Amino acid sequence: MDDCIFCKIIKGEIPSKKVFEDKDIVAFNDINPKAPVHVLVVPKKHIESLANVDAANKDLLGKLLIAVSEIARKTNVDKSGYKVVANNGEGAGQLVLHLHFHILGGWMSKPHWQV
Ligand code: 5GP
Ligand code: ZN
C-alpha cells in the first residue's frame, strides 16, 4: 500500500530500529514507546487488521505469534512479563491500518514507568 507507514518501513523507505526480520515478518522499536520495551511485530503482507483475516492467513498468524515469543526472549522480557496488544479498527485506537502486535514490557527494570 503506497500510503502505509509500515509498508514504507518494510520497503526501507522510512528508517526503523529493527529487532527481527525474516521473509514474512519484521519487528522494530516503536517510535513513541509506551513501555521500556515496546516492539511492533508486523507481517510484510499488508493486511489491515485482525478484522480482515480468515483461515487463509493461518500460517502467517501462527508465525506472527511465534515471532512475538522469540522477540520477547530476545528483548529479555520473557521472564519479567510482557503484554501483547493488537488494536483493531480506529474505534479501538488503531492509528496505523496495517496489522501489528505491540509487545510491551520491561517495567521491572524501570519501575518509574507505569504498567
Ligand atoms: P496503533 O495505534 O495503530 O495500534 O499503533 C501504531 C504504533 O505505531 C504507535 O504506537 C506509534 O507510536 C507507532 N508508529 C507510528 N509511526 C511510526 C514510525 O514511523 N516508526 C515507528 N517505529 N513507529 C511508528
Ligand atoms: Zn501496509
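The largest pocket in this predicted model has a volume of about 490 Å³. A pocket here is an open set of points on a 1 Å grid over the protein atoms alone, with protein on both sides within 12 Å along at least five of seven lines, whereas a cavity is a set of points where a 1.4 Å probe fits but cannot get out. Grid points are joined across faces, edges and corners, and the volume is the space filled by probe spheres set on the points. The idea behind it is simple: rolling a probe the size of a water molecule over the atoms shows where empty space is left.

Lining residues are those with an atom within 4 Å of a point. There are 24 of them around the largest pocket, and Phe6, Asp30, Ile31, Lys34 and Leu40 lie closest to its centre. Two or more lining residues come from each of helix H1 (5-11), strand E2 (25-29), E3 and E5, and H1 gives the most, with three residues. These labels come from DSSP runs, numbered from the N terminus: helices (H or I) need at least four residues and strands (E) at least two. Sorted by class, the lining holds 12 nonpolar, nine polar and three charged residues. For this count, Ala, Val, Leu, Ile, Met, Phe, Trp, Tyr, Cys and Pro are nonpolar, Asp, Glu, Lys and Arg are charged, and the others, Gly among them, are polar.

Because the model is predicted, local features need pLDDT of at least 70 and side-chain atom pairs count only at pLDDT 80 or more, while totals for chains, interfaces and linings use all residues; side-chain values use heavy atoms, with hydrogens and water left out.

Next come the strands, where two count as paired if DSSP finds at least two bridges between them. Strand E1 (residues 18-21) is joined to E2 by three bridges, and the two run antiparallel. A hairpin takes the chain from E1 to E2 through three residues, and Glu21 stands opposite Val26 in E2. On to E3: E2 pairs with it in the antiparallel sense over five bridges, with Ile25 standing opposite Pro43 in E3. E3 also runs antiparallel to E5, joined by five bridges, and the partner of Val37 in E5 is Gly105. Finally, E4 and E5 are an antiparallel pair with four bridges, in which Val85 has His102 as its partner in E5.

How covered are these strands? Buried means under 20% relative accessible area, exposed over 50%, and partly exposed in between (1.4 Å probe, protein chains only). E2 is largely enclosed by the rest of the structure, because four of its five residues are buried. E5 is mostly covered, with five of its five residues buried. In a regular strand the side chains alternate between the two faces of the sheet. In E5 both faces are covered, with Phe101, Ile103 and Gly105 buried on one side and His102 and Leu104 buried on the other.

Val41 sits in strand E3 and is buried, at a relative accessible area of 0%. Its C-alpha atom is 8.7 Å from that of Ile71, 30 residues apart along the chain. Pro43, also found in strand E3, is buried at 0% relative accessibility. Pro43 and Val84 are 41 residues apart in sequence, and 15 Å lie between their C-alpha atoms.

His46 is partly exposed, with a relative accessible area of 25%, whereas His98 is buried at 0%.

Note on methods. Residues are numbered from 1 along each chain as its sequence is written. Chains are lettered from A and ligands numbered from 1 in the order in which they are written.
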